Amino acid sequence: MEQRKILVIEDEQTIVDILKFNLQKEGYEVIEALDGMTGLEYALSEKPDLILLDVMLPRMDGFEVCRHVREKSMVPIIMLTAREEEVDKVLGLELGADDYMTKPFSIRELTARVKANLRRTAPEQTTGTFIPPSGAIITSGDLIVNLERYEVKKYDRVIEITLREFELLKFLATQPEKIFTRENLLENVWGYEYYGDVRTVDVTVRRLREKIEDDPGSPRYIMTKRGVGYYFNKA
Ligand code: CA
């Protein structure tokens, strides 16, 4: 198997060293950037398979880096936030990060999340029970989801969507009308069995709705079953 490349953008050398040591031990290639500007450069030039991104960084903060990377790439991004503040977590997700972890984090949890996030980018290696038919195209109303091309179209126009948003949409759309709890989605779409915060699901659903729904306030595709979870409405 090809070695996966992880870009660590973090200005505290001790944390970089710990991450590097542990990720290399897991068999990953690790490249590091000690400031946001360099991080953004590497994110685009080195084509990493995953990015660990600190929030408080010199030259350009993690949110800015995340925003710029997202304009060009669907690479999984895990934000590392030093603060417990809710606003940081939500902001990171709003800007297109796939996940966040609050410092101090355990190395075990971090590597579990790295693995889970990398799994999403290697569909042929997933061992889940659910395997969508390859080349399948799902349509619902004016929405077209092309599973093979990782492409979503609405009114014949391609919608910019992150990998995680796509995975969530794919999971729901391939099993229309079936209601999933947030825990269930976290486990299946994010690949977490023990960790994770169900609010991550809510934020991603909201972001997805803003992109694919005519009126995100009264959705037609991604529906809420109050008190239970979410489902895809096959029009
Ligand atoms: Ca920092």
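Me: Which residues does Met 74 touch, not counting residues up to four places away in sequence?

Reply: Met 74 touches Tyr 150, Ile 161, Thr 162 and Leu 163, where a contact means heavy atoms within 4.5 Å. The model is predicted, with local features needing pLDDT of at least 70 and side-chain atom pairs counting only at pLDDT 80 or more, while totals for chains, interfaces and linings use all residues. Residues are numbered from 1 along each chain as its sequence is written, and side-chain values use heavy atoms, with hydrogens and water left out.

Me: What makes Met 74 a loop residue, and why is Met 74 called partly exposed?

Reply: Met 74 lies in the loop between H3 and strand E4 (77-81). Helices (H or I, at least four residues) and strands (E, at least two) are DSSP runs, numbered from the N terminus. The relative accessible area of Met 74 is 33%, and partly exposed lies between buried (under 20%) and exposed (over 50%), with a 1.4 Å probe and protein chains only. Met 74 therefore counts as partly exposed.

Me: How do you know which residues lie nearest the centre of the second largest pocket, and how many residues line it?

Reply: The lining has 15 residues, and Met 74, Ile 159, Glu 160, Ile 161 and Thr 162 lie nearest the centre. A pocket is an open set of points on a 1 Å grid over the protein atoms alone, where a 1.4 Å probe fits and protein stands on both sides within 12 Å along at least five of seven lines; a lining residue has an atom within 4 Å of a point. Helix H3 (62-72) and strand E8 (151-154) are the elements that give two or more residues to this lining. The largest share, three residues, comes from H3.

Me: What is the volume of the second largest pocket, and what is its lining by class?

Reply: Its volume is about 250 Å³, that being the space filled by probe spheres set on the points, with grid points joined across faces, edges and corners. The lining has six nonpolar, two polar and seven charged residues. Here Asp, Glu, Lys and Arg count as charged, Ala, Val, Leu, Ile, Met, Phe, Trp, Tyr, Cys and Pro as nonpolar, and the others, Gly among them, as polar.

Me: What makes Asp 11, Asp 54 and Met 56 donors of the calcium ion?

Reply: Asp 11 (OD), Asp 54 (OD) and Met 56 (O) lie 2.1 to 2.3 Å from the ion. Donors are N, O and S atoms within 2.8 Å of the metal (3.2 Å for Na, K and Ca), so these atoms qualify. Water is not among the atoms, so sites may look incomplete. In sequence the donor residues are spaced D-x42-D-x1-M. Asp 11 lies in the loop between strand E1 (5-9) and helix H1 (13-25) and Asp 54 in strand E3 (residues 50-54), so the pair ties together parts that are 43 residues apart in sequence.

Me: Why is helix H6 called largely enclosed by the rest of the structure?

Reply: In H6 (residues 163-173), 11 of the 11 residues are buried, so the helix is largely enclosed. Among the buried residues are the charged Arg 164, Glu 165, Glu 167 and Lys 170.

Me: Where is Lys 72, and is Lys 72 buried or exposed?

Reply: Lys 72 is found in helix H3. With a relative accessible area of 65%, Lys 72 is exposed. Lys 72 and Leu 44 are 28 residues apart in sequence and 7.8 Å apart in space, C-alpha to C-alpha.

Me: Which peptide bond is called cis, and where is Pro 104?

Reply: The bond from Lys 103 to Pro 104 is cis, with omega near -5°. Pro 104 is in the loop between strand E5 (99-102) and helix H5 (107-120).
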